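This report sets out the fold, the domains and the ligand surroundings of one protein model. Please keep the structure in view while reading.

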Amino acid sequence: MTGPAPSSLRPEHPVARPLAQLVAEFGLDYRGDLDAVEVTGVALATSAVEPGDLYVGVPGRNAHGASFATAAAEAGAVAVLTDEEGAELAAASGLPVIVTSDARAALGAVAAWIFRTDENSATLFGVTGTNGKTSVVYLLNAILGQLGVVSGLSSTAERRIGETAITSKLTTPEASELHALLARMREAAVRAVAIEVSAQALSRHRVDGIVFDVVGFTNLSHDHLDDYESMSDYFEAKLELFQPDRARRGVVTVDSDWGRSLVEQSRIPVTTLSTSAGGDAEWTMSVTEETVDHTAFVLEGPDGRMLQTQVPLLGSYMAANAALAIVMLVESGYDLDAIGAALERDGGIDAFIPGRAERISGDRGPVVFIDYGHSPDAFLSTLGALRKVTDGKIVMVFGADGDRDTTKRNDMGAIAARGSDAVVITDFHPRWEDPAAIRATLLAGARGAVPELELYEVADPRAAFRKALSLADEGDIVLYAGPGHEDYQEVAGQRIPYSARDDAKLALREAGWL
Ligand SMILES: CC(=O)N[C@H]1[C@@H](OP(=O)(O)OP(=O)(O)OC[C@H]2O[C@@H](n3ccc(=O)[nH]c3=O)[C@H](O)[C@@H]2O)O[C@H](CO)[C@@H](O)[C@@H]1O[C@H](C)C(=O)N[C@@H](C)C(=O)N[C@H](CCC(=O)O)C(=O)O
Ligand SMILES: Nc1ncnc2c1ncn2[C@@H]1O[C@H](COP(=O)(O)OP(=O)(O)OP(=O)(O)O)[C@@H](O)[C@H]1O
């Protein structure tokens, strides 16, 4: 495929299905004439409608989706699925309208029916947790590739079918897109799929109509408290994935109380994994070597089973993510020895994770990492890992998301200050917030934690990175946390093109380091 990556993929050979059959099978009410109406796809947004689609109108924060039914009809939609309020709004479109009490709740099953994804035979892996989801999904995909299995993935960074990349807007796509992607994967003979499942996806029915073969849990820490009232509400959302209607088996990292509670409250068979010393889980991961380029570890399981390997990635947390991926594969039926043999043949796990502790620098000058970490715990993990692999200075550049959980900002500032030798605070995605006010909170957090810290405020991320680079020398590390793989900055409703990765490379070249 040439040109920019598409934002979604549909099956290339959709099968038309009679709408009257859908209505009969699901016991739905309808208005209008369904005779001879056939659907080939389903869409939740007018921008995604293709001819032959069922357009699903759900109430949103800004509008009721059904109020766009006429635009959906103009784009080729052949019918609308919505609620009672939406049915009134959609009437003017002239399309037949199927009515249900909660169209978002119906979407997963309806999309599965339209795209026939219940006929898929690929093994489905689901990964949840505050940090590490994308990483585990990539590690699963990498190991599956090393085992010779054709696999696909869905993550915050991108969705992928073999060599075809699809850009991601959400961590977990809406159910209409997810089932279309799974149908396309079936056409590509994909045998295993790794899917990142956010708490929001579980709360908003995005993975409905799917039963995962194995689900994995990484960890839970402060994030998304704009969406959830408390940490326990956030936990409850994740817990949903470990129930029989959503998954057959689970693997839970039990390094935290949240992990242990998950094991107690889950209603599917779960296997436990400990990645810290003294754990009493069925599987234990211990790090044997950490360098700036790779992390080696030993994984020990029941009955004396053991695997020793390495990831070409920074930090013990990446070894923890890799261990989780391996145990998930074992739980799905792959043989640990076969995994071990494939990894030994290749000298370890052959993974690249875009924007997660991604090294931008070359052999000369400071080592520069771009990272997607944007929560206090992510900062703690990355800074802890960096401190272990350098005797030099750590200079950190970061900002915070506007219009997202504001309560984590003070901790982000404090953790950055405690873990770095110098900090440059900049703008991330201010969205509709005042960027100076976001920076002020981060600065206060940092200054409060380490009053004598070398601390700078540089609003423009390009200038901020150059400032950080000017403070570092050979043997030092610059960590640019936040933007990771992203190629835009979101300011007042606009997505301005900006790639921290490309700009950092440019700055390194300007400085003569690359
Ligand atoms: C806050 C939130 O969840 N918003 C979601 C919501 O948008 P909304 O309520 O603002 O929608 P709206 O603008 O009122 O429109 C209502 C409906 O009309 C449709 N519409 C609207 C206008 C139009 O011209 N045509 C049209 O079809 C919209 O697609 C929508 O279905 O419904 C949309 C699709 O129906 C989602 O794409 C959108 O997710 C936004 C982008 C979002 O950022 N969600 C966040 C909270 C999220 O889910 N984040 C997690 C992050 C996880 C992590 O960081 O770990 C994730 O999984 O990505
Ligand atoms: N197992 C882990 N424990 C703690 N921190 C981690 C772990 N794995 C990754 N991180 C940190 O979190 C950051 C984000 O990693 P990753 O993208 O894999 O997480 P995520 O759960 O997918 O987050 P998001 O959904 O926001 O993309 C990393 O760059 C790293 O700083």
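## Basis of the report

This is a predicted model, in which local features need pLDDT of at least 70, side-chain atom pairs count only at pLDDT 80 or more, and totals for chains, interfaces and linings use all residues. Residues are numbered from 1 along each chain as its sequence is written, while chains are lettered from A and ligands numbered from 1 in the order in which they are written.

## Overall fold

The protein contains 16 helices and 26 strands; these are DSSP runs numbered from the N terminus, with helices being H or I of at least four residues and strands E of at least two. Its radius of gyration is 24 Å, close to the 24 Å given by the globule rule for 514 residues, so the protein is as compact as a globular protein of that length. The radius is taken over C-alpha atoms, and the rule is 2.2 Å times the number of residues to the power 0.38. The C-alpha trace spans about 75 × 55 × 45 Å along the principal axes.

Of the 514 residues, 52% count as buried. A residue is buried if 20 or more other C-beta atoms lie within 10 Å of its own, exposed if 12 or fewer, and partly exposed in between, with C-beta atoms placed from the backbone. Among contacts between residues at least 6 apart in sequence, 68% join residues at least 24 apart; a contact requires C-beta atoms, placed from the backbone, within 7 Å.

## Domains

An automatic or database domain assignment gives domain 1 (17-115), domain 2 (120-345) and domain 3 (358-510). The C-alpha centres of domain 2 and domain 3 are 27 Å apart. Their contact takes 16 residues from each of these two domains. On the domain 2 side it has five nonpolar, eight polar and three charged residues. In this classification Ala, Val, Leu, Ile, Met, Phe, Trp, Tyr, Cys and Pro are nonpolar, Asp, Glu, Lys and Arg are charged, and the others, Gly among them, are polar.

## Ligand 1 and G65

Ligand 1 lies between domain 1 and domain 2, because both give residues to its shell. Of the 18 residues around ligand 1, A45, G60, G65, T171 and S198 come nearest; a residue counts as near if its C-beta atom, placed from the backbone, lies within 6 Å. The shell divides into seven nonpolar, eight polar and three charged residues.

G65 lies in the loop between β5 (53-56) and α2 (69-74). G65 is buried, with 25 other C-beta atoms within 10 Å. Leaving aside neighbours within four places in sequence, G65 is in contact with V56, G57, V58, G60 and G86.

## Ligand 2

Ligand 2 is surrounded by 24 residues, the closest being G132, K133, T134, S135 and G373. Two or more residues come from each of α5 (133-146), α10 (316-331) and α12 (376-389), and α12 gives the most, with four. By class, the shell has five nonpolar, 14 polar and five charged residues. Domain 2 and domain 3 both contribute, so ligand 2 lies between them.

## The annotated lysine

An unreviewed UniProt entry places the feature "modified residue: N6-carboxylysine" at K238; the position is given in the numbering used here, the feature name is shortened, and such annotations may be inferred rather than shown by experiment. K238 is in helix α8 (residues 231-239) and is buried, with 22 other C-beta atoms within 10 Å. Not counting residues up to four places away in sequence, K238 touches T128, A199, L202, F217 and L220.
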